[in-house]
Amino acid sequence: MKFSEQWLREWVNPGIDTDELAQLITMAGMEVDAVDPVAGDFSGVVVAEIVSAEQHPDADKLRVCQVNTGNDTVQIVCGAPNARAGLRAPLAQVGAVLPGDFKIKRAKLRGVESQGMLCAGSELELSEESDGLMELAADAPVGADLRDYLDLSDQVIELDLTPNRADCLGLSGVAREVALLTQSELAAAPITEVPASIDGTFPVALEAGVGCPRFVTRVIRGIDISRPSPLWMQEKLRRSGIRSIDPVVDVTNYVMLELGQPMHAFDLAKLSGGIVVRMAKAGEPLELLNGQTIEMRDDTMVVADREKAISLAGIMGGQSTAVSETTIDLMLEAAWWQPLAMAGRARSYGLHTDASHRFERGADFAMQVKVIERATELVLAICGGEAGPTVDTRLDDFMPERPPVRLRRARIPRMLGFDMPAGEVERILTGLGLGVTATEEGWEATVPSWRVDIAIEADLLEELARVYGYNNLPVSHIHADLVMPARPERDLSIRKLRRQLTGRDYQEAVTYSFIDTEAQRAFDPELSPVELQNPISADLAVMRTSLMPGLVRALAHNTARQQHRVRLFETGLRFLPGDKELEQRPTLAALVTGRRQPESWTESGELVDFYDLKGDLESLLDLTAAPNRFTFRAAERTGLHPGQTAVIEREGREVGVIGTLHPHLQAQFDLAQPVYLFEVDLAALLDAALPAFTELSRFPEVRRDLALLVDKSVSAGELLANVRETAGTYLTDLRLFDVYEGKGIDPKRKSLALGLTFRDSSRTLSDQDVNKSVDQVIDLLIKTYNAELRS
């Protein structure tokens, strides 16, 4: 929201300077993004009139102009395509200084003397347009100083409003806030009822139900659209970032900026039969004012006549009924479009307009008649013509209802930390436009139509704090009886998991909970994710069912910035659709890529592999004090390499997955090195075993090593689990300490070396005890896996 400070001071003029005003507005919750002068720093520029414009004798693109400065006629060589006789434009005279300390001197261009420079708006930092001279009004006083003529001693204030403050998307709303904050007088809205002088109306039918319960129109006949908009209007629009087009369009834009209500003007001669507000038909075409032709969906509201759609409701008008230089009769329109019906519609067509910005946030549903009256007054004053009666078409059953909001006196000190005087409470609420009635417990407030963000008691308390001034709220200490809650010993903390990973050189990432549809399909194509009704952008359209897409995107972002050794982890929610309701499952995910160790003269530059990541994950499993409850089983998972993926199970229940990113996705994300990642349910990691004391044995342990040949297809994890179950109670440790494939071994087989450690807590084991257990293991391996013992 951009506006001129001078325009604001026409509504309310507090006795503070620009910097104080900007600080005051910011501290009231409406952040001032920028305060900029309306023009660059220049001097010596006057209003001039081109008397004649002749072709330069030695340059095709230059013209030699005779220019009236008010005191003299000077010769100017100019290359602007719109330089013509009769045009009034800014002239920087010899000796003038333009922005950037550019001084104007006499010069010769292709042998022809030039005594100054005719200026474009961009050269004076008045606008961004640089394709021709800045064209001034035909009645601009020749010889007048341009700064005085345009009244350039002004500042442009730009606000960054939060979505709930739609009431301040018009200057009247900002002025109401400033008047309250400074306790200054607020000028009355310049709205005068214009009586009808003709009987002309145009029929309207509302068929979109709750989406559009109010549509106000007025017919104006016999206008002269060739008349220019007054200078004061053009300048206010320019300083608000809007280009002047023609008087009718300028009026609709001006009223929107002034009162916050978008409106539209139709060429009455181009309308057929009557207006119908309805839902679009699937595939129905519409050419918009910006020249874009769209095919609409059936969830989109349109304004149509009896033949076709003529406007994308609340977003942009159509080209077929646009006002043009031939327009004589108008139909003005101001409607109220329900915010939920508008949410995301403009963005879904790749559009964002001033109108959609306001309607999505919630326009004042009682402003439409006033807006039509204001626009009628301005159109008649500028273009002439005769106005018909204002027609207010409503569906009262669908109009918003604003129930009163109760504010309890006792809640103020509890929530704000001090007891605000009753008179101050009533002053603030009344200044905001609320109707305030005292009750036994406090107050009952009637909410005005423009404050769509006030609905509950907490909203009123927030307004009291905001207007009173956050800096003015007293500091008070919180007093409470706090009891430390009991925490079961078996509950592992997330903080401990984080410390473990950061200790292993990982960095924590926080990614969006929503991702693009294609990324979701790449990892979980079998799940139907929750789609956002109003996504921030098209690539953040669905709720994530996995943390892996976000981490891979973060990795791609880092590697594109020359970070080739990356270790990331994230804890967050996955959003899994269920039969009855959405499951929000806490999850931990991590990925690694690049060198195993940081670059150093002592390191060989080896890259990480699957087992590096598996070791990091197993270090987390060790924290549970029950790592044996977890097993890894070879499997396949979409998005991961089919031969390098395993599911993680806890006591037979699948709780996660680990693997290598699929080469196709690696190429899609432009990742030069292999990427290894895992994802595991946090609940499985946080449920640790209860610590218990086991008496240390005073007797020696006995170790036996076995080297055996098995088929390559045999899973080492499965084999170890069966050995552990068969070896008996004396087995205290089992390790796989070597795996070998290659020379001297059948190509279809591999060698596994197992270390079995036996001990008893009550006696020294004999060779017979140990041999019995080892023989049981060997017998199992031979029968189950066709194993051969190696000598």
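**Rings, charges and a helix crossing**

Mentor: Start with W7, which is buried, with a relative accessible area of 2% (buried is under 20%, exposed over 50%, partly exposed in between, with a 1.4 Å probe and protein chains only). This is a predicted model, where local features need pLDDT of at least 70, side-chain atom pairs count only at pLDDT 80 or more, and totals for chains, interfaces and linings use all residues. Residues are numbered from 1 along each chain as its sequence is written, and side-chain values use heavy atoms, leaving out hydrogens and water.

Trainee: How many aromatic pairs does a search of the whole structure find?
Mentor: The search finds 7. Rings of Phe, Tyr and Trp (its six-membered ring) pair if their centres lie within 6.5 Å; planes under 30 degrees apart are stacked, over 60 edge-to-face, and the rest tilted. One of the pairs is W7 with Y254, stacked at 5.0 Å centre to centre with 15 degrees between the planes.

Trainee: Where do W7 and Y254 lie?
Mentor: W7 is in helix α1 (residues 5–11) and Y254 in helix α6 (residues 247–259), so the pair ties together parts 247 residues apart in sequence. Helices here are DSSP runs (H or I, at least four residues), numbered from the N terminus.

Trainee: Is Y254 buried or exposed?
Mentor: Y254 is buried, at 2% relative accessibility. W7, W232 and Y254 form one aromatic cluster.

Trainee: New topic. Which ring does the charged end of R409 sit over?
Mentor: The ring of W443, with the charged end 4.9 Å from its centre. To count, NZ of Lys or CZ of Arg must be within 6 Å of the ring centre and within 35 degrees of the ring normal. Likewise, the charged end of K614 sits over the ring of F632, 4.5 Å from its centre.

Trainee: And the helices: at what angle do α20 and α21 cross?
Mentor: Helix α20 (residues 716–726) and helix α21 (residues 767–785) cross at roughly 140 degrees, and their axes come within 9 Å. Axes are lines fitted to C-alpha atoms, for helices over the stretch in contact, with angles from 0 to 180 degrees between N-to-C directions.

Trainee: Which residues meet there?
Mentor: E718, L719, N722, V723 and T726 in α20 meet Q776, V777, L780, L781 and Y785 in α21. Contact means heavy atoms within 4.5 Å.

Conventions. Helix = DSSP H or I, 4+ residues; strand = E, 2+ residues; numbered from the N terminus.
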